[in-house]
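Student: I've got a structure open and I'd like to work through it step by step. Can we talk it over together?

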Amino acid sequence: MEPTLILNEIARLTALQALIEPIAVVVFAISGMVPARLKQMDGVGVYIVAFVTALGGGTLRDVLLNQRPLFWVENQEYPILILVLVLIFLYAPRFNLPFQPLAKRYFNLFDALGLGLFSISGTAAALAHQIPLFPATLFGVITGVFGGVLRDVLILEIPMIFRQSTSLYATCSFVGCWAFVLGLELGLSDAIASLLGITTTTLMRLMALRFNLTLPLGPGKTE
Amino acid sequence: MEPTLILNEIARLTALQALIEPIAVVVFAISGMVPARLKQMDGVGVYIVAFVTALGGGTLRDVLLNQRPLFWVENQEYPILILVLVLIFLYAPRFNLPFQPLAKRYFNLFDALGLGLFSISGTAAALAHQIPLFPATLFGVITGVFGGVLRDVLILEIPMIFRQSTSLYATCSFVGCWAFVLGLELGLSDAIASLLGITTTTLMRLMALRFNLTLPLGPGKTE
Amino acid sequence: MEPTLILNEIARLTALQALIEPIAVVVFAISGMVPARLKQMDGVGVYIVAFVTALGGGTLRDVLLNQRPLFWVENQEYPILILVLVLIFLYAPRFNLPFQPLAKRYFNLFDALGLGLFSISGTAAALAHQIPLFPATLFGVITGVFGGVLRDVLILEIPMIFRQSTSLYATCSFVGCWAFVLGLELGLSDAIASLLGITTTTLMRLMALRFNLTLPLGPGKTE
């Protein structure tokens, strides 16, 4: 592949990330704000739960990889954005109204895109730290899903992605991470392999939602 | 300001910290021991919950800032002190008796002072690591309040500071952190800005308790 | 003591660790898989809970000591082994059957050995980072028991080792860690002191189980 082609790809990928990441942060934050409010939390609770949901997975990745500055320190617009969102959500909900139909319509799409983006960025960061393939895919899953796990711990629920009734979520992240690393192993460029991974996770998640796919239960039981 | 004056201030501040910090650790540890005991925990549970309540916020700060040794490794008298407190609390409660009226009377005062001190020390540590103002104030809040959040996770309660009925707590920490960083921006010395921040947090917290101030609920509701 | 003798001891200890550690990981993982399944979790939940139970204490130790690579990145066979175990447990339980009587019989023995091994390895790692004796023993306890604490947080239970009805567990870890550091202080070789510590923890735990030893309740009560 010619260098300019690769450079174009990387530019497109960076543009894609710059476009998707803030929307994914918003969508993940909303998925923290709503259940926090339902648990009768005040503004502090809603903000901290929204923060942890949106930024917790990436924070855990940075801590486990020993990478500093933390990504929400480097991108301080994310915690500020979440603060603004929480203030609007709690105190000026009429500003929400025009966006609610939009949010409802596209929530799952952007949540699935965010899952794909965070998973692949987590795997890529792990590979950049010379972490072997299998643990690197686990770093991808941690980055993609642990924000939601920490949210559920804070609101005292069994983590949603652990429940039998939940359609595939962490599994989509895991499969997309493997599509990404196998793509790299097969000689695809970073950009193409990333797109492959993100697309795999996102499409698989959307199909899991549409057809209500869950993990098979299996015959195993306890005692 | 003359150099000697500043040096005097710093000396006073260090003395203040040396005075307040151990008392704050004791007060925070007590606020972990009591609910742990109410949950029928044994000595191990009471110690770990007291440890996490008193030292968890600072540990999280050190981990997120990548600062070592951890402050309770450098000040190993803190975990030892908490062990002694737990042993007295569980097995020699009559040694407590003379202190109980004192503890009841001054608990809120020292908890508010501890909140102020930990919040400002967390913000100062973040600034020393070149972290921008807004995230630095978040580090202050994390240092001040996350011990209590982790306590509530371990005893299976919705974190107290997230509940609508709780009078302002994290908010006092946040406002005090901003008083501190704005004081620094306006050219105040470290010592004066620290005193300003600690005083702001402490007085605001005491007023919140006295007048039962809570965050306004706002018209926002879910669905 | 002659050098060759010490070398022999170290070789024996390393062989012991190479033998015990994988078995301990399996036993700890099982002690996560079973309660996760009882909480109706799917494969993702069972895997993450098993992972956290078996590898969470060591991960926390590595993070707090700022040690990289994480031990489950360096030994990536552990997370892979846990994945295989979970798949067999859920989807091919008949492969379990021949091992179940064996597992039931030796579960407590290997759990106690694992507790001893992890506790001493955590203390040794802390000492290698120049951490003073008392905090070093706390690192041992964290390494030995925090996997189980994090498991209980994820499955929404008060941590088992905090409950009055639980026979001594963290206490055995703590006592064994002190046996190890005091052995070192008294001039024992690393290998002998490690064996002393592991044996102390393991035997104390087995006795606690057999005679149902718990911490004394003490006269302390709250209010």
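Student: Which helix of chain A holds A:Thr53?
Tutor: This is a predicted model, where local features need pLDDT of at least 70, side-chain atom pairs count only at pLDDT 80 or more, and totals for chains, interfaces and linings use all residues. Residues are numbered from 1 along each chain as written, chains are lettered from A and ligands numbered from 1 in the order written, and side-chain values use heavy atoms, leaving out hydrogens and water. Helices are DSSP runs of H or I with at least four residues, numbered from the N terminus. On that numbering, A:Thr53 sits in helix H2.

Student: Is A:Thr53 buried or exposed?
Tutor: Buried means under 20% relative accessible area, exposed means over 50%, and partly exposed is in between (1.4 Å probe, protein chains only). A:Thr53 has a relative accessible area of 4%, so A:Thr53 is buried.

Student: Which residue's backbone oxygen lies 2.6 Å from a polar atom of the A:Thr53 side chain?
Tutor: A polar contact is a pair of N or O atoms within 3.5 Å; within protein, one must be able to donate a hydrogen and the other to accept it, and residues adjacent in sequence count only if both atoms are side-chain atoms. For A:Thr53, the backbone oxygen at 2.6 Å belongs to A:Val49.

Student: Where does A:Thr166 lie, then?
Tutor: A:Thr166 is buried, with a relative accessible area of 14%. A polar atom of its side chain lies 2.6 Å from the backbone oxygen of A:Met160. As for its place in chain A, look at the loop between H6 and H7.

Student: How many residues of chain C are in contact with chain A?
Tutor: Contact means heavy atoms within 4.5 Å. Chain A brings 32 residues to this pairing, and chain C brings 34.

Student: Which helix gives the largest share of the side of chain A that touches chain C?
Tutor: The count between the two chains is five residue pairs in polar contact, both at pLDDT 80 or more. On the chain A side, helices H2 (43-65), H6 (133-154) and H7 (170-185) each supply at least two residues. The largest share is eight residues, and they come from H6(A).

Student: What kind of axis relates the two copies?
Tutor: Copies are superposed by least squares on the C-alpha atoms of residues with pLDDT of at least 70 in both. Chain A can be laid on chain C with an RMSD of 0.0 Å by a turn of 120 degrees and a shift of 0.0 Å along the axis. The two copies are therefore related as by a three-fold rotation axis.
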